Amino acid sequence: MKDKINIAVLVSGGGTNLQALIDAVGSVITSGVIKLVVSNNRSAYALKRAEDAGIKSVCITKADFGGAAGMEAELVRVLEAEKIDLIVLAGFMSILSADFTQRFEKRIINIHPSLIPSFCGEGYYGLRVHEAALKKGVKVTGATVHFVNEIPDGGEIIMQKAVRVLDGDTPESLQKRVMRLAEWKILPKAVEKVSAELLKKEQQA
Ligand code: GRF
């Protein structure tokens with residue numbers, strides 16, 4: 001009987017959330033293993049983190065596969081070949097089609113650096129999220145892990161953590177605090193929660 005969920009982590013950049021997951025395997029994460037890292041950006045530092053951790057990685061870019069549809073087709077091929085059960089978007093800067101999200105319904109999760117439904121949806125990514133929070137003058141922000149469906153940042157919420165906004169915060173200082181105090185904490189916990197649920201379902205089937 002299967003005793004671990006196979007996880008793929010999709011990245012585009014620095015990969016600090018990937019690192020938080022790598023560091024949590026065996027402690028916080030006991031129901032899954034990171035089997036694969038996929039990057040859509042050849043120069044993502046996240047690829048080096050995967051290599052250092054001995055995790056298989058592949059680079060699938062729109063340029064190499066003739067656009068978004070070709071990239072997604074290759075992504076599906078690789079995920080199925082590796083028998084991936086759970087897909088974690090950890091700073092993956094590409095919107096996935098409804099076809100893709102429906103194929104892996106309740107098997108894709110994303111980390112977003114705000115308390116959804118604030119500062120989310122199309123156009124809210126990276127520093128822009130924190131710029132918008134500061135502009136609005138909110139005193140509390142945070143991070144959200146949610147299931148991914150066809151609506152950007154619109155799927156069911158799995159976990160959230162609040163972070164205080166401090167006087168004098170810049171988008172950069174706020175981004176760092178949200179990552180350190182919220183993202184890196186809740187992403188591994190949410191991955192374990194979903195992995196444990198998926199594992200239970202498989203074992204009952
Ligand atoms: C994080 O802020 C995450 O919330 C967002 O993209 C950023 C990725 O950072 N979706 P990293 O690559 O994990 O360091």
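**The ligand and its surroundings**

A polar side-chain atom of Thr 16 lies 2.6 Å from an oxygen atom of the ligand. Such a pair is a polar contact, that is, two N or O atoms within 3.5 Å; within protein, one must be able to donate a hydrogen and the other to accept it, and residues adjacent in sequence count only if both atoms are side-chain atoms. The model is predicted: local features need pLDDT of at least 70, side-chain atom pairs count only at pLDDT 80 or more, and totals for chains, interfaces and linings use all residues. Residues are numbered from 1 along each chain as its sequence is written, and side-chain values use heavy atoms, with hydrogens and water left out.

A polar backbone atom of Asn 17 is 2.9 Å from an oxygen atom of the ligand, and a backbone N or O atom of Ile 111 lies 3.1 Å from a nitrogen atom of the ligand. Taken alone, the ligand exposes 370 Å², of which the protein buries 86% (areas by the Shrake-Rupley method with a 1.4 Å probe).

The shell around the ligand (residues with a heavy atom within 4 Å) includes Gly 14, Gly 15, Gly 91, Pro 113, Met 179 and Glu 183. Its residues divide into 3 nonpolar, 5 polar and 1 charged, with Gly counted as polar, Ile, Met and Pro as nonpolar, and Glu as charged. Helix H1 (16-24) and helix H6 (171-204) each supply at least two residues of this shell; helices are DSSP runs (H or I) of at least four residues, numbered from the N terminus.

Another helix, H3 (residues 68-81), holds Arg 77. The side chains of Arg 77 and Glu 74 are joined by a polar contact of 3.0 Å.
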